[in-house]
Amino acid sequence: MNSHSTPSAAATPRRTIDIVNLSLKRRYRAERRFRFYGLAAIVLSMVFLALLFVSIVGKGYSAFWQTSVRLTVFFDPEVLKQDTLVNADYAALVRESLFKAFPQVEGRQDKRQLNALVSSGAVYQLRSMALKDPDLIGRTIDVWLPAAADVDMLVKGHFRRDLPEGERRVSDQQIDWIDRLEAEGRLERKFNTAFLTAGDSREPELAGIWGAVSGSFFTLLITLVLSFPIGVASAVYLEEFAKKNRWTDLIEVNINNLAAVPSIVFGLLGLAVFLNFFGLPRSAPLVGGLVLTLMTLPTIIIASRSALQAVPPSIREAALGVGASRMQMVVHHVLPLALPGMLTGAIIGMARALGESAPLLMIGMVAFIVDIPKGVTDPATVLPVQIYLWADSPERAFVERTSAAIMVLLAFLVVMNAGAIILRKKFERRW
Amino acid sequence: MAPVSLLVVLLALSTAAYFFGRRKAFALDGRAEGAVKMHSRPTYHGALTALWCALPALLIFGIWLAFESQVITQLVVKDMPESIRSLPADRLSLVINDIRNIESGNFVSQTSNPAMQAAADHYRSLRSISRHALAVITIALMVAAALFVRSRISFRLRARNHVEGILTVILVACSTIAIFTTIGIILSVLYEAIRFFKVIPITDFLFGLDWSPQMAIRADQVGSSGAFGAVPVFLGTALISAIAMVVAVPVGLMSAIYLSEYAGKRLRAVAKPLIEVLAGIPTVVYGFFAALTVAPFIREAGGVLGLSVASESALAAGLVMGIMIIPFMSSLSDDFINAVPQSLRDGSYSLGATQSETIRKVVLPAAIPGIIGGVLLAVSRAIGETMIVVMAAGLSANLTINPLKAVTTVTVQIVTLLIGDQEFDSPKTLAAFALGLVLFIVTLCLNIIALYVVRKYREQYE
């Protein structure tokens, strides 16, 4: 510690211990400062994490509830002729029941404003009711219909009522109607099943994540089916069979590099090779799965190799000693012991693939798709891309839904990672 | 027959072939007398039958489907009227696209055109023929292969060695996929990039100061010439990555030091997994956080201080990207710090150094090569990170190093140039591949250097 022992001008101590003692105060201060920096770094990361979660949960939790309006609907036989039940003018039914609830509303402008209170999805709900139970026709019943997104936002308090009318998406008159509906008990917040069961929509109150979740499922299915066997096979070859030479070195360097290549480059590969060269369909989970397979392979190979390395050599030697062939040794003894570790790696790789969106943007999985995909070649989008699409939408109601979709995505990730941890805890063996 | 159901049939047939072969082997084994014994156990005979049944058929299945649409397109184009065939390549590809769209029942602009409709019908019938042919060929091949192998099953057949040989070939094939992926990336990106450089000279691309990749749809359009000077894009990438590093390196390094040198067991048990959680969050979530929480906050904070901050400022994107990289930096540094032998620390303590002096003057210098490798890997991740910048950084290329202005990055440009329908021949879309090539080369160099440094460092203390 030469730099600290420079004697100060005031006193010139003779013994080393005095020099050291003089500098101790300053050195301990430096020690405390350093410790503080370390602690601050950890606290800072924790604060970031907390902020992230608080901001997302705070914005998103309310999306799981959706405002509904109870209207007294008369299933008018005049409007609903049997032969055109599918194409009938259900919007007229909604209009009529609204006018009945607010008989004093006059004038086109006002009537249009009144109609805007109920979501355009109400039409589909009435239609499916009428199609399911044609006996409803001619009867008058109370129906809970989804409210428009703006009403929902106002009821949830995301729109400020004290702004001047011009800066609000909801007019004074509409607020008045909403308050009256609420006072009559015709306005209620119900669990938002549409959000979990519907496909995408331009209307926030009708948009759901099920289409994206199915798309993610099919994409991950392809990824898992391809990347796990291929990854395990490569790991087994490299660990158990390959001789150490130039060729295996090349493969190893390649795998390590691929693990660090930006994901978007895999998207470019998918676009150029799978779409343009092989002519596979755009936006399909099949192509998404292929691209993600190439992307997750390095992760799975690296994890599988370390699982194989953890199996002690004595197992291999014992198997070979009783006359097993190399392949029998691997398949009968080494693989079963390494499998939990490999599965853990596979789950972690799948979790990463589930959160990946950049390469999928390249292969057209960003399209606006309402239908729920039924197979691996149907156009689809995935959960993170759905989040990206919604995040771009200007409506306030989509902010809420984006956050809620993120919560669902994070929930899936937590479940997958927890599964990996449990698997590791349960099957981890210390040799 | 749809490919998926054909695949199911193929798998079912191979399973059947397994039992088919195994039964014959069992029957033979039952007749074995005295010293004569089967060379391999019956399951190996079954496996051999199944493998020969499945592999050639699957190979044909894959190759057939991979090239089917190309071949059919060629055939359809050949039978089209002369007027369409003689179209230039880019118009022809549009026509082919339309035909495919009509065929799959989508709405297109020229639905009423009878020639197109006929071509689409032709396409459909050819594909139906192709699918039937594929089904017949593969199933026939499987049956033939199964029968042949079964007829060869005997006492002497070395089924186990055959099976193991085939499995080894499969293992080798799987391990080469990594190499093919790399080759595929290089070839596809390079090929399109070279086409781009034929239109725009490479020097203009690498050293030009103006980036506005708008190509004219009509010749007389205003602002019709696109500019492809990528320097502003590179500078924007560097700026955002630098901001990210300023956040991630000190925080990641200090938290790693604290966790491995100071923290007690309990703090470590809580803090380490929590930092790992940051690593598991998808980048699209960070992007959302940056765009909706951090960027408005920075803009308002700037407003309070009297600074004008762009709503898509580089600072917001860089800051959030830094947060994303903290766990990466921290876990790498943790590894390297732990790899420093305890004896070095003990030596330092015995000379009377305090803990922080030991860390700063002994542990860190010993770990510095590894940490530098880690920083390089982190830089490569920052450069290649896409979703955060797509959602939180700007689109217009400004030549500035002011972190409060909006800048754009390589990945943002790739995404915006390639999203949506594109024709594949305009320089606008090809520019994305040129940017991709630069991105790939830069990250590859960083990775190779970093992995080399890290490997050398690890060997040092092993």
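## Briefing: chains A and B

In chain A, three strands make an open antiparallel sheet, ordered β2-β1-β3. This is a predicted model, in which local features need pLDDT of at least 70 and side-chain atom pairs count only at pLDDT 80 or more, while totals for chains, interfaces and linings use all residues. Residues are numbered from 1 along each chain as its sequence is written, and chains are lettered from A, with ligands numbered from 1, in the order in which they are written.

**The sheet of chain A**

- β2 (140–146) and β3 (187–191) of chain A are the edge strands; each has a single partner strand, so one side of each lacks a neighbour in the sheet.
- From one strand to the next, the twist averages 40°. Axes here are lines fitted to C-alpha atoms, and angles run from 0 to 180 degrees between N-to-C directions.
- Strand β1 (residues 65–74) of chain A pairs with β2(A) through seven bridges, in the antiparallel sense. Two strands count as paired if DSSP finds at least two bridges between them.
- A:S68 has A:P146 of β2(A) as its bridge partner.
- Strands of a sheet pair through backbone hydrogen bonds.

**Chain A overall**

- Chain A holds 16 helices and three strands. These are DSSP runs numbered from the N terminus: helices are H or I with at least four residues, strands are E with at least two.
- Its radius of gyration is 32 Å, well over the 22 Å that the globule rule gives for 431 residues, so chain A is more spread out than a compact globule. The radius is taken over C-alpha atoms, and the rule is 2.2 Å times the number of residues to the power 0.38.
- The C-alpha trace of chain A spans about 100 × 80 × 40 Å along its principal axes.
- Of the 431 residues in chain A, 42% are buried. Buried means that 20 or more other C-beta atoms, placed from the backbone, lie within 10 Å of the residue's own.

**Chain B overall**

- Chain B holds 17 helices and two strands.
- Chain B has a radius of gyration of 31 Å; a compact globule of 462 residues would be near 23 Å.
- Its C-alpha trace spans about 85 × 80 × 35 Å along the principal axes.
- Buried residues are 41% of the 462 in chain B.

**Helix α5 of chain B**

- Helix α5 (residues 114–152) of chain B has 39 residues. From first C-alpha to last it reaches 57 Å, close to the 57 Å expected at 1.5 Å a residue. The expected span is 1.5 Å times one less than the number of residues.
- Buried residues of α5(B) include B:M116, B:Y123, B:M142 and B:R150.

Conventions
A residue is buried if 20 or more other C-beta atoms lie within 10 Å of its own, exposed if 12 or fewer, and partly exposed in between; C-beta atoms are placed from the backbone.
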